[in-house]
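Subject: Structure for you to look at

Hello,

Here is the structure I promised to hand over. Please open it first, then read my notes below.

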Amino acid sequence: MNDDADQQHLAEADPGYAARQLARAFRTALGHEDPDTRRRADERQRAWRSVLAGMANGLLTIGSRTPVRDLPAWVTPEVLRGGFATGAPSAGGPLTEYEAEAARRAGVPQDRQALFAYWLSEDGLAQLYELLDDGRYEVTVPEEAALLTVAWLGRAGETDAALGLVEELAPFAGRLRFTPRPSTRPAPDAGTVHRWTVGEAGESLARRRTSKAVETQREALAVWQPFGDELLAHWLETAAAGQPVLVGTRTPHPAWHGHGAELLRRYRDLAARHTHCTKHLKPKENLAILRGALEETVAGRELDARRLGLLRHAVTSMVRRRGLPGSAELTALRREQAAQAALPSHHALAQLVLRRLSGLDQQAGVAEVAPLVAEVGEEEARETGLPAGAAIPAGVRRPVEAALSAPLNTLVERGVVPSAEVLAELVPRLVAATTAQAYPDPALRTLAAAHHRAFAGRRSLLLLNLQRQVRAEELPWVRAVAGQRTDGEAGAVSAVALRQLGELAVQAFPGTILPNSLIRELSVLARQAELGAPLVEELAADIFMGTFTPKFLAAARIAAELLGGGSLYERYYVVDYRAVRNLAIVETGEALTRSYGARTSPGFAKLCVERAEAGSSRSRHGGGGSVAANGKVIEQAQILTTHNLATLVHRVGIVPAAGWPDLARRCFVTVCRLTGRVHGNPRPLSTIKDVAYAWRQLVFHLSLCTPGERARTLAGLPEELSRHPAHVAGRLAPALTGLHQVAEGGRADEGAGRLLLGWTTDGHWLRPDPASAG
């Protein structure tokens, strides 16, 4: 990520944060019921102890882009939650299995220093050339691409560049692994992606356990309900002269005693074998009353008045509720319950699907999901005992569907990608293939794509004072081959990819802010495409430094070009986009201010502060306000820049396939859904902030509609409101009034209308439950 977007709370640089995380991991490791969870928590404990020790002895400088003493910025650090480096490099640690095997084959000592020297020998380079040519390797951390880059440079005749790279790597040769793991699989297909591998889907299915609640219900339906019917029928039998035994006026027939004794023996056997359902053990339950009375009678003891009363009441209530044993009513009910109990458990069906997955490549996705989640076949039924034709439930299908390997838009259409955050996880694979097109040589192109995928997984550090996360261009092996790029044609390819991904993100998840991880990948494409498309991140209000980098003003200028001149957006948020354009022209012609060593845009910061009404006492370059006050300033920056929407439309050229009115309507659906979560929520402020994000996108999309489209869309919003609880309409009524007032030429905050923003230093007007909520 970039600039101040990746910073966390200033307080998190204090050892207290690390200590709290250590305590949390300790509690989990000590008390969690799942052994795998305990093991992972134990690993986190060790990592957080390293953080605390490093902070205490000066090894770590939390908040710096070089947090580990004696390690340069290009070394990938191991990073924990909150951006804390542990002090260990991600490419360090004990030798991996493939490194140990390489050392054995080469006949060198089992250490990285010896391996580093071996890879630079004639035999070692020959192996690296082979890897380069067949592409069968996996780069898991960026450093693993380094020696392959050396080999490529040497073979290409770039001797000086190769020697220079070796010289920069050599001081770390004993600590870091600089070669990738060989693989039997070729480089991944650039046109398809998958969320999970087959192996990951299988692990998810294997973790499914038998549900105690489901098995308890199954046992009650299949065992105890039918047995209760038998007990009831036995007590309803007559001993002689048509007289019911339960009346207690005649001695039961001897055969009745024998049958009763047999029922009690069966009960003891059932109770020993079926232990999930314990309802039959509770004295006040009807089955327990019938069984207890039978034990007394079979033992020859006469029922006292109390027990006889309980017995009569139990029999009467059972007959009244479900009918006599053998009646059509009760028979139909028991048949239905038996069918329900006979359904295979989700656990059993998951085991079947796991068998189907076992023969597939565990490190890949699947091209077709349907055969893997089909109904139980005849042969499978014979092998497993599952009923033929049984359907695979949704909960078992989902992990398999997550392994579908297909074009990204297909995964979105099928619901495999449920959120913008998940989309951001998959995009690096496509961006890797696109940006690698800048390298004409096929071997270098494959290496560049593998490296980008690894670099995208580099976790962001906690950074203070407007420092910037390390970019791929700063890594020595990337710099060494920078001259091999031919960016002309690759830039055009990147522009197309950027437009397609931008359209997909905006269309698939309307009303959702683009996550920073996605913005980072789109920014890579934007830089390669050279479109002049600055993409800005969501800033953290709790560490806001009181200023903005110049790209925020550049993005606001693009918004001014698109929305200036009286658009609905400009009028709703009362933005003077002409002044924004003038400010951008002035600051571009002047030397930009430096704050904390980073370039800043003081004019843009001042404008955001003024719009947020934070007061003139606040320094242009310092914090000092509350988190809410910071949030108000950041929100104004998002309003002025449209948080990337204007850049994607005006510079990248995205156009929604269904049109702007459709996007506006879907944004309003998101607004309504999120507003519904405010009701009765004791901590609704983060949800209100999300409502404001979605509302801002609604206003933006409406601004790109024709007047007729906008009027029709606004007229249709009440219909959508009718699909939601009454309190949603009650809450949104002031905001809708304000929006209509602006559409008719007025202001949003006049009369009954309200301007909908997310941040406030006072109580938010959207928070109280409306009177109409009922």
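First, a term. Buried means under 20% relative accessible area, exposed means over 50%, and partly exposed lies in between (1.4 Å probe, protein chains only). This is a predicted model, in which local features need pLDDT of at least 70 and side-chain atom pairs count only at pLDDT 80 or more, while totals for chains, interfaces and linings use all residues. Residues are numbered from 1 along each chain as its sequence is written, and side-chain values use heavy atoms, with hydrogens and water left out.

Backbone and loops

Most residues other than glycine have a negative phi. Asp-70 is not a glycine, yet it has a positive phi of about 75°. Asp-70 sits in the loop between helix H2 (35-57) and strand E1 (77-79). Helices (H or I, at least four residues) and strands (E, at least two) are DSSP runs, numbered from the N terminus. Asp-70 counts as exposed because its relative accessibility is 64%.

Asn-644 also is not a glycine and has a positive phi, of about 85°. Its loop runs between helix H27 (627-641) and helix H28 (645-652). Asn-644 is buried, with a relative accessible area of 1%.

Glu-750 is in the segment after helix H32 (726-743). At 38% relative accessibility, Glu-750 counts as partly exposed. Its C-alpha atom is 7.2 Å from that of Gly-738, 12 residues away along the chain.

Cores

A nonpolar core is a set of buried Ala, Val, Leu, Ile, Met, Phe, Trp, Tyr and Cys residues joined through side-chain atoms within 4.5 Å. The largest has 121 residues. Leu-408, Leu-423, Phe-548, Phe-668 and Trp-695 have the most contacts inside it. A second, separate core has 69 residues, including Ala-18, Ile-62, Ala-162 and Ala-450.

A helix pair

Helix H9 (residues 212-236) packs against helix H12 (residues 305-322) at an angle of about 120°, with axes 11 Å apart. Axes are lines fitted to C-alpha atoms, for helices over the stretch in contact, and angles run from 0 to 180 degrees between N-to-C directions. So H9 is oblique to H12 (under 35 degrees is roughly parallel, over 145 roughly antiparallel, 65 to 115 roughly perpendicular, the rest oblique).

Which residues meet? Gln-225, Gly-228, Leu-232, Trp-235 and Leu-236 in H9 meet Leu-311, Val-315, Met-318, Val-319 and Arg-322 in H12. Contact means heavy atoms within 4.5 Å.

Best wishes
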